[in-house]
Amino acid sequence: MNAAKSGGRMFARLGIGLGAVPTASALSTSAATPQLISHYLLHEPRATWEALSAAFPSSSSAAAAAHHGHADAVLLTLAKHPHASAEPIAKNPLTYFHWSAASSSPSSPSPPHSHSLRSYCLLVHLLSRAALFRDASVLIQSAIAKHSSSSSPASSFLDAFFAAYEDSGTAATTRGLHLLVHAYARLRLPEAALESCRYLSDRGVVPSLSAFNAALHAARGAGAFRVAWEVFELMTLKRVYANHSTVELVVGVLSREGELARTAALVGRIHGKKCAPSVVVHAALVLRMVEEGRVEQAILLVKRLLQRNILLDDVAYSLIVHAYCCTGALKSAIEQCDDMFRRGCRLNAFVYTCLIKAHCHDGTVDKALQLLQEMLSKGLKPYDATYSHLIAGCFRQGKVEEGLEYFKDMLREGFVPDVKSCNKMLEGLCNAGEVCKANDLLTAAMDKGLVPDQDTYQMLIVGYGKVGDAQGIVKIYHEMEHKGLKPGVDVYATLIRCLCERGNTAEADKFLAVMKKKAVAPTGGLYDLLISSYCEKGNTKRALWLYDKMMTENENFVPSADTFMMLVRRVIEVKTACSPNS
Ligand SMILES: *[C@@H]1O[C@H](CO)[C@@H](O)[C@H](O)[C@H]1NC(C)=O
């Protein structure tokens with residue numbers, strides 16, 4: 001208001017009516033204040049570079065005028081002005097922007113001064129308002145390139161950009177804000193694109209569908225799958241629903257993660273036949289949210305997707321049952337099943353499997369087995385997850401025979417158990433002293449494609465230790481090495497302890513050397529074990545040698561009192577035996 005008034009006084013003094021285009025001759029005699037320049041830009045139909053130079057010759061005042069604060073002030077005045085985006089003057093701010101940079105150092109060979117971030121942001125909003133998106137995009141991308149660095153994260157840029165939007169007052173439109181997401185996407189910065197989606201959403205400006213799609217595209221292209229899912233989740237939560245392009249992008253992500261077939265099979269199992277890709281990707285989103293513990297949010301989202309007919313009835317209800325089961329809310333899950341049934345949806349193998357899993361987890365395996373019978377009587381086929389939960393549940397409850405039966409059924413049906421439930425089974429068998437059976441089962445499962453992990457072998461090593469089969473332990477160790485699994489200190493400790501207990505001290509000692517070679521630090525306990533084992537065997541020389549090593553290796557290593565006393569006694573015995581005086 002004040003600026004406008006003082007600008008008006010200036011023109012009045014120069015003898016120019018407000019609203020008239022100031023002539024070059026009139027202006028050249030005056031100081032080029034921001035008010036004057038913005039007035040000129042708002043009224044000149046086409047402010048060319050030449051016209052600007054003529055109107056504001058680079059006198060000392062004009063040079064000063066072109067400096068940061070000045071350009072910012074000019075652009076802010078324009079950004080606030082309701083007519084600044086009207087044709088034909090919409091491009092004037094852009095011309096001024098370039099001109100002011102160049103004219104600040106007309107004769108010097110140094111590069112023109114760079115614009116402030118503020119100027120960039122104001123101008124991007126101005127251009128977007130005039131729908132000059134191409135110019136705005138180019139500008140915003142160079143602003144990001146100039147003003148973002150590893151030391152200044154996207155957030156400071158976002159702050160500046162949003163401040164420029166807010167400062168434009170009533171004249172502002174959100175068009176420019178969406179462009180920001182597009183710009184980060186085009187620059188292949190999916191993290192920053194996601195951050196700007198979040199930033200804008202938090203401030204009540206929900207990005208457009210095309211902005212979200214652009215962010216997804218960038219994330220998929222960069223292989224940033226986590227970011228892609230976060231974008232998809234955010235847009236869906238903000239009620240910007242996927243169109244065909246979105247679905248295609250998310251299908252691409254699922255497929256590159258190797259999860260497409262599994263998710264499509266899961267949804268198909270619920271519905272009884274193949275479902276549209278849109279159903280698959282939304283179900284995948286819900287499953288991820290549940291997996292990551294955002295259960296309440298996931299259930300709300302399912303209900304909303306159901307209302308909008310994005311998810312099918314049976315798929316939606318089944319996902320809710322799954323969500324309840326995952327939090328252990330078995331009662332709610334069962335109520336949901338009843339509700340589902342009342343609404344005319346048939347219970348399906350997925351829902352049964354969810355309930356079976358929950359019961360197995362709760363330790364109510366009998367109830368789980370009952371559900372399995374019910375499921376079979378309805379002609380529903382159990383699948384790999386059903387079996388895995390049952391097997392793990394049985395073994396956890398010590399029902400070894402039943403567990404083994406389901407394992408055999410599972411293999412017979414051509415399913416491969418997942419490694420976690422397989423480990424549960426091996427643990428159960430090993431605890432029951434059935435390590436050979438466990439080893440056979442592992443072989444059978446590996447034939448069907450199971451890939452064992454560190455825990456698998458650790459179970460077997462403990463199992464062999466329990467029955468005192470030192471050779472078995474060593475064999476498993478070598479198999480582990482062969483598979484490229486790096487045994488950790490736990491494995492070596494088990495190995496050494498078991499070998500010592502079996503009296504294979506020399507063999508155990510070799511593994512201490514192996515550990516060192518593989519850069520796995522031995523513990524004081526392991527030295528202790530070997531020293532006392534050698535003492536018992538009567539190999540005092542080696543026991544002493546290990547004692548020295550133990551002391552020099554780590555100042556915190558001390559032998560236990562028992563071991564130390566045993567060693568002392570041995571040394572005295574040896575001394576007495578060798579003494580010529582005795
Ligand atoms: C989906 O939305 C985007 C962005 O709004 C648009 O460019 C695209 O054409 C749409 N795709 C389809 C298949 O409707």
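Visitor: How much space lies in the largest pocket?

Guide: Rolling a probe the size of a water molecule over the atoms shows where empty space is left. Here the model is a predicted one, and its largest pocket holds about 1200 Å³ of space.

Visitor: How many residues line the largest pocket, and which lie nearest its centre?

Guide: The lining is made of 40 residues. Nearest the centre of the pocket are Lys-357, Ala-385, Ser-388, His-389 and Asp-418. Several helices give two or more residues each to this lining, including H16 (260-271), H17 (277-291), H19 (313-326) and H21 (349-362). Helices H23 (384-396), H25 (419-431) and H27 (454-467) also belong to that group.

Visitor: Which element gives the largest share of the lining of the largest pocket?

Guide: Helix H21 does, with 8 residues.

Visitor: How do the residues of that lining divide into nonpolar, polar and charged?

Guide: The lining of the largest pocket has 18 nonpolar, 9 polar and 13 charged residues.

Visitor: Now the ligand. Which residues are around the ligand?

Guide: A shell is read as the set of residues with a heavy atom within 4 Å of the molecule. For this ligand the shell consists of Leu-209, Ser-210, Asn-213, Asn-243, His-244 and Ser-245. By class, 1 of these is nonpolar and 5 are polar, with no charged residues.

Visitor: Where is Met-375 found, and how far is it from Asn-348 in sequence and in space?

Guide: Met-375 is in helix H22, residues 365-377. Met-375 and Asn-348 are 27 residues apart in sequence, and their C-alpha atoms are 8.2 Å apart. Met-375 is buried because its relative accessible area is 0%.

Visitor: Where do Ala-136 and Phe-511 lie?

Guide: Ala-136 is found in helix H9, residues 133-147. With a relative accessible area of 0%, Ala-136 is buried. Phe-511 is in helix H30, residues 505-517, and is buried at 5% relative accessible area. Between the C-alpha atoms of Phe-511 and Leu-499, 12 residues apart along the chain, the separation is 9.9 Å.

Visitor: What joins the side chains of Asn-423 and Asp-453?

Guide: A polar contact is read from a pair of N or O atoms within 3.5 Å. The side chains of Asn-423 and Asp-453 are joined by such a contact, of 3.1 Å. Asn-423 lies in helix H25, and its relative accessibility of 6% is why it counts as buried.

Visitor: Which way does phi point in Arg-188, positive or negative?

Guide: Phi is positive in Arg-188, near 55 degrees, and this residue is not a glycine. Arg-188 is in the loop between helix H11 (175-186) and helix H12 (190-202). Exposed means over 50% relative accessible area, and Arg-188, at 70%, therefore counts as exposed.

Visitor: What is phi of Asn-309, and where is Asn-309 found?

Guide: Phi of Asn-309 is near 60 degrees, again a positive value in a residue other than glycine. Asn-309 is in the loop between helix H18 (295-307) and H19. Its relative accessible area is 66%, so Asn-309 is exposed.

Methods:
Residues numbered from 1 in each chain as written. Predicted model: local features only at pLDDT ≥ 70, side-chain atom pairs only at ≥ 80, totals over all residues. Heavy atoms only, no water. Nonpolar A, V, L, I, M, F, W, Y, C, P; charged D, E, K, R; others polar. 1 Å grid on protein atoms, 1.4 Å probe; cavity = no way out; pocket = protein on both sides within 12 Å on 5 of 7 lines; lining within 4 Å. Points joined across faces, edges and corners; volume = space filled by probe spheres on them. Helix = DSSP H or I, 4+ residues; strand = E, 2+ residues; numbered from the N terminus. Buried < 20%, exposed > 50% of the residue type's maximum accessible area, 1.4 Å probe, protein only. Polar contact = N/O pair within 3.5 Å; in protein donor to acceptor, adjacent residues only side chain to side chain.
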